[in-house]
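Subject: Handover of a structure

Dear colleague,

I am passing on to you the structure shown below. Please look through it before reading the notes that come after it.

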Amino acid sequence: MKSPTAATERPALSDDTALLALRQATRERHARIDTLMDLRRMGDRARYGRILQAFHAFLAPWEQSVANALPAHRHAWLHGRSRRHFLQEDLAALALPPLAAKPAVPRLQGNAAAWGSLYVIEGSALGGQVISRALAGAGLAPGMGSSYFHGWGDDTPGMWRDFRSELRSELAAPACVETACAAACATFDALTAHLEQTLDERVTFA
Ligand code: HEM
């Protein structure tokens, strides 16, 4: 006999199933990009300038790729969360030209892939708070070259909470989580490759 609850009772996914899967899937990639950026060398102005130029070059095509994969009703939301204008501010403050390079960004196929990729750049705002403190120690303040990593500043935890709540509902179906994890890995890989090329440095990981 068919269980009376079979149609309505699905195994409850823990609230953070998608987030935990994304974190787990990208853990090594995060460690790799963290090593490449190297907090201890943030005070090296020439190198830091190249990091800013690399992020600036990456984020425009990346945002376009995410916008193409998201439904139209999400575009204003995406625009509202963009931190690209902070990079423009930093390049102007430090008199740095934009890179001519056009980095390859992942082609995101559909909504779940877009949310996996968004996780990477939205999550990076958390590490940005740590980087911002290191930059302050090297004499760089928001408005004077550290606006991007400072980002939303004290509003960062609240912005992250809001993002997590959206992520939870967008990736509620287990099939979406797998797609999102693959897109998150591809996003880390593309950004890492672009940073390596811009810095002319390589990170080797066992
Ligand atoms: C020097 C470089 C970096 C450092 C020191 C760093 C450090 C950190 C730290 C401390 C957190 C945890 C913050 C918290 O839980 O409050 C974090 C989270 C995160 N970072 Fe980074 N980060 C760096 C670069 C990046 C970059 C370049 C990206 C991607 C573009 C990135 C993506 C993420 C993501 C996705 C999370 C969220 C993890 C989660 O909660 O699931 N990070 N980072």
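This is a predicted model: local features need pLDDT of at least 70, side-chain atom pairs count only at pLDDT 80 or more; totals for chains, interfaces and linings use all residues.

Surroundings of the ligand

The ligand is surrounded by 17 residues, and the closest are Arg23, Gly123, Ser124, Leu126 and Gly127. Two or more residues of this shell are given by each of the elements α1 (17-37) and α5 (111-137). Helix α5 supplies the largest share, namely nine residues.

Helix α8

Helix α8 spans residues 174-199, which makes 26 residues. From its first C-alpha to its last, α8 reaches 38 Å, close to the 38 Å expected at 1.5 Å a residue. After α8 comes Asp200, which has a positive phi, near 55°.

Packing of α2 against α8

Helix α2 (residues 45-69) packs with α8 at an angle of about 140°, and their axes are 9 Å apart. An angle over 145 degrees would count as roughly antiparallel, and one of 65 to 115 as roughly perpendicular; α2 and α8 are therefore oblique to each other. The crossing of α2 past α8 is right-handed. On the α2 side, the contact is made by Arg47, Arg50, Gln53, Ala54 and Phe58. On the α8 side, Leu191, His194, Leu195, Thr198 and Leu199 take part. The residues of this contact comprise five nonpolar, three polar and two charged ones.

Yours sincerely

Terms used:
Residues are numbered from 1 along each chain as its sequence is written. A residue is near a molecule or strand if its C-beta atom, placed from the backbone, lies within 6 Å of it. Helices (H or I, at least four residues) and strands (E, at least two) are DSSP runs, numbered from the N terminus. The expected span of a helix is 1.5 Å times one less than its number of residues. Axes are lines fitted to C-alpha atoms, for helices over the stretch in contact, and angles run from 0 to 180 degrees between N-to-C directions. Angles under 35 degrees count as roughly parallel, over 145 as roughly antiparallel, 65 to 115 as roughly perpendicular and the rest as oblique. A crossing is left-handed if the near helix is turned anticlockwise from the far one by less than a right angle, and right-handed if clockwise. Two residues are in contact if their C-beta atoms, placed from the backbone, lie within 7 Å. Ala, Val, Leu, Ile, Met, Phe, Trp, Tyr, Cys and Pro count as nonpolar, Asp, Glu, Lys and Arg as charged, and the others, Gly among them, as polar.
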